[in-house]
Amino acid sequence: MKKNIFKTIAILLIVAGVISSCKKEKENNSSLQGTKWKLAGYVDAATGNRVDAEPADCERCYTLIFKTETSAWGYTVLNQISVSLVSEKMFSIDTKVDDSMSGNVVLFYEAIKTTDSYKHENAELKFFYNNKQNYLLFNSYIL
């Protein structure tokens, strides 16, 4: 009888340890929720050549803040934008201020029209557009 109790306790401890380690792995998994991103530039997927986002000296420009794992809000130069990773149209422009003369924001607006997928690895977030020939490169950012 005592052997069965000890075996049961041992099995429960092992199961509890496995569950605990799984939770820790999930917590350490790179989640987008609560993260902040800033556009570094527009990248040619084949060559790796990058055109830097302009204006470069604007702290708030081209930023994204993920409020959930699949939704974010942020800014272009003058407009507020939303991102939904579960919708067919990933980017939407929430305001309508003409900022087309600011830096190369027109490149951004053209890119988000055909954005169809993304990839998140470590401190980089890539939004692919133009049939995956190009991507918007966002870097992890602290506002």
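Y75 is buried, at 18% relative accessible area (buried, under 20%; exposed, over 50%; partly exposed, in between; 1.4 Å probe, protein chains only). The model is predicted: local features need pLDDT of at least 70, side-chain atom pairs count only at pLDDT 80 or more, and totals for chains, interfaces and linings use all residues. Residues are numbered from 1 along each chain as its sequence is written, and side-chain values use heavy atoms, leaving out hydrogens and water.

The structure holds 8 aromatic pairs (rings of Phe, Tyr and Trp, the last by its six-membered ring, with centres within 6.5 Å; stacked under 30 degrees between planes, edge-to-face over 60, tilted for the rest). One of them joins Y75 to W73, edge-to-face, at 5.6 Å centre to centre and 80 degrees between the planes. W73 is partly exposed, at 27%. F127 and F138 also pair edge-to-face, at 5.7 Å and 80 degrees. This pair links distant parts of the chain, with F127 in strand β8 (residues 124-129) and F138 in strand β9 (residues 134-140), 11 residues apart. Strands are DSSP runs (E, at least two residues), numbered from the N terminus. Both phenylalanines, F127 and F138, are buried.

The charged end of R60 lies over the ring of Y75, 3.8 Å from its centre. K38 lies over the face of Y141, at 5.7 Å from the ring centre.

R50 lies in strand β2 (residues 50-52). R50 is partly exposed, at 44% relative accessibility.

Notes:
Helices (H or I, at least four residues) and strands (E, at least two) are DSSP runs, numbered from the N terminus. A charge sits over a ring if NZ of Lys or CZ of Arg is within 6 Å of the ring centre and within 35 degrees of the ring normal.
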